[in-house]
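Visitor: I am new to this structure. Please show me how to read it, one feature at a time.

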2 protein chains.
Amino acid sequence: MLFKEIKGGSLTSPKGFMAGSVSSGLRDEPSPDLTILSGSEKTISSGVFTKNQIVAPPVILSQRHLSLDSPIAIVVNSVIANAVVGMQGMEDAEKMASMTAEHLGISKSQVLVCSTGVIGVPLPMDLISKGIEAIELKEKGHEFARAILTTDTRTKEFAISVDISGSEIIISGTAKGSGMIHPDMATMLAFLTTDADISQECLDRILRQAVDASFNMVTIDGDSSTNDSVIFLASGESEMGQIQGGEEEKIFQEAVNYVCIHLAKEIARDAEGATKLIEVIIDGAANLNEARIAARTVASSTLMKAAVYGNDPNWGRAVAALGRSGIAFNEQTLFLSMNGIEMLKQGTPVKFSKDVAAQSMDTNEVEIYIQLNNGDYSAMSWTSDLTEEYVHINSAYTT
Amino acid sequence: MLFKEIKGGSLTSPKGFMAGSVSSGLRDEPSPDLTILSGSEKTISSGVFTKNQIVAPPVILSQRHLSLDSPIAIVVNSVIANAVVGMQGMEDAEKMASMTAEHLGISKSQVLVCSTGVIGVPLPMDLISKGIEAIELKEKGHEFARAILTTDTRTKEFAISVDISGSEIIISGTAKGSGMIHPDMATMLAFLTTDADISQECLDRILRQAVDASFNMVTIDGDSSTNDSVIFLASGESEMGQIQGGEEEKIFQEAVNYVCIHLAKEIARDAEGATKLIEVIIDGAANLNEARIAARTVASSTLMKAAVYGNDPNWGRAVAALGRSGIAFNEQTLFLSMNGIEMLKQGTPVKFSKDVAAQSMDTNEVEIYIQLNNGDYSAMSWTSDLTEEYVHINSAYTT
């Protein structure tokens, strides 16, 4: 294996990063809800953000700081999204940045801000402000991973080491998933660190490509949020010199993709009410864009997701979803299998035992494979099954 | 009121139509599953069909017959969709058309064919063939409405009379909704009849516009089907002369819209597992297309639908969905109310009693109104709430 998992790794596994968190009082019970991750002065950063037109002020502020400066620190609060609260929102995001900057002795534009949680509720800035002052920075990446959670049932962390031109580079990531209880916690956040020395341009390119192949291929319920952010910090503190284009960049890209895909699958696996991870593979598409659209459309079918929950080998729902994806294909060349069991070949149903297929689906990972036989491109998308528990969680406020 | 509802009306209320049905044996228990509607030789017809790329053979055949001829009869079977069954599918659809043509003494290209039900299962043509021969045509529009149902819990019929230039015109419609149990019954069918005398060109135009304002604004789970069809037959047997452009066409268009919107709302109300009809109104959009996209996107949010089920006045979910719709608007001018209770004004949350709002939602119709303040166009979309029962129904095949 080219990449080696670092067991128990966290965002502070790569050299040059510190993190810490506090329980500032945003949750009903005491539990970490405010956290800072910081690199050193040499750190460079890149970010990819929500495409939703309703953008939370912390996202706007972070985008601005990334264009003005190369931020080296991130402050994150969970529980409250600081979104759709009128003018107050930007003032509060600015305050979070300046207080964090003061606390760390850096300039305000070196700080990125992320918030996740309920929409339409202003931040209690007295709690946030006391909280930021109380954060002690140590090598506490796990604390960071815990503090950013909302309705996630577990932390999501993954770190690997990769050998590039004889030097060991560490890449680490943590994420929180799409969960919403009271009333709206639709936010995916992910943070990546590495000790690699890398140019700004290369970091931007690599992050964009990794996000497209991973987080942008996860769909839980089709709702994008106002706060989605993926941030990548590179400290440059590895022994190795700067990563060069060509082979080195290629290996680094693959390693970052590997970390992001791992986290993306964790998000799908831990989605609200989920009992299963569903992996949709589209093969034989005319181009990458069509492969991705097709994979995402099939993965977003609530009917397919409900069928998988019930161990129902209902391939017709996957095919109907493919049909509405808008990509070009020929019904007569379609091939489909679920968990390796052939169900459709050259557009014609294959006889298979429904009981055997249902049994093979009665596990926590289901693979739907579709071969379009229309070209050389493929893509994967991940989602969870749709369960009664999902509906229960998302309709919980009942009089 | 310009339009007068005809209580107990059916597709055979307008002059010039006959219908009949049989229980051919497609269902487990005896119940109508095969039906024919027929006009007279003077009848003209128009159709609008699924945009899914996987198109069922009966849809392809009906499109061909509409381009070759002006069909005057429709044969419909429920239970089996005759979709994704390989080459067999087109042969069977052709056979249904020719057997119906023979039974009625008309030519094959005068017959439209619709099928709805499970995907991937071939039609038992022996049952269909005996069934068609046994159908007696009378004024039995209600039988037609019953025979086309799949998982619908009730028939959906609506007929009105409208005064145009001093003559009474009757317009009637029936529909079946989107329901899927075993394994795939994702089909919306609707049939309209009128005794109006109208040109082909005008009928086509009016049907397309009515469908865009009604059936195309219903979203249950985002999955379009392989068989969706809306067919309009005009017998021309009213006392009135041919409908002229201008004012007469305008009134007729409004009347057809009125029937289609009524049926569209019935489909949403009777969606799988639904306890509520949700009406999303977008006002103040820059153009009609954007208004419709926005309304449909908000209506398709599973998070919003789950919240409405739980009587949760969770306006943040509607706003987040609006944000991902891709239409242009300004967050600072947004206004939102639910069941008339103001929740967002100029992009800033309004204080309201959650308990009062939740109580107002504890009924079978919930209205979400969004004013964009960005233009003069508006649109409505309809959906149902998302319930545990929906998931249960759609995951029913469990080992």
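**Reading the model**

Guide: Among the elements of chain A, helix α3 (residues 125–134) of chain A has the highest mean pLDDT (98), and helix α11 (residues 388–394) of chain A has the lowest (81). pLDDT is the predictor's confidence in each residue, from 0 to 100. Helices (H or I, at least four residues) and strands (E, at least two) are DSSP runs, numbered from the N terminus. This is a predicted model, in which local features need pLDDT of at least 70, side-chain atom pairs count only at pLDDT 80 or more, and totals for chains, interfaces and linings use all residues. Residues are numbered from 1 along each chain as its sequence is written, while chains are lettered from A and ligands numbered from 1 in the order in which they are written.

Visitor: What is the mean pLDDT of chain A?

Guide: The mean is 90, and 95% of the residues of chain A reach 70 or more. Over residues 180–186 of chain A, pLDDT stays under 50.

Visitor: How many helices and strands are in chain A?

Guide: Chain A has 11 helices and 16 strands. Its radius of gyration (taken over C-alpha atoms) is 22 Å, close to the 21 Å that the globule rule gives for 399 residues, so chain A is as compact as a globular protein of that length. The globule rule is 2.2 Å times the number of residues to the power 0.38.

Visitor: Which residues of α7(A) are buried?

Guide: A residue is buried if 20 or more other C-beta atoms, placed from the backbone, lie within 10 Å of its own. In α7(A), the buried residues are A:Glu290, A:Ala291, A:Arg292, A:Ala294, A:Ala295, A:Arg296, A:Thr297, A:Val298 and A:Ala299. That is 9 of the 12 residues of α7(A), so this helix is largely enclosed by the rest of the structure. Strand β11 (277–285) and helix α8 (302–309) of chain A are among the elements that cover them.

Visitor: In what order do the 4 strands of the open sheet in chain B lie?

Guide: Strands of a sheet pair through backbone hydrogen bonds, either parallel or antiparallel. Two strands count as paired if DSSP finds at least two bridges between them. In chain B the order is β2-β3-β5-β6, with mixed pairing. The edge strands, β2 (18–22) and β6 (111–115) of chain B, each pair on one side only.

Visitor: How many bridges join β3 and β5 of chain B?

Guide: Strand β3 (residues 34–38) and strand β5 (residues 73–77) of chain B pair in the antiparallel sense over 5 bridges. B:Ile36 stands opposite B:Val75 in β5(B).

Note on methods
Contact = placed C-beta atoms within 7 Å.
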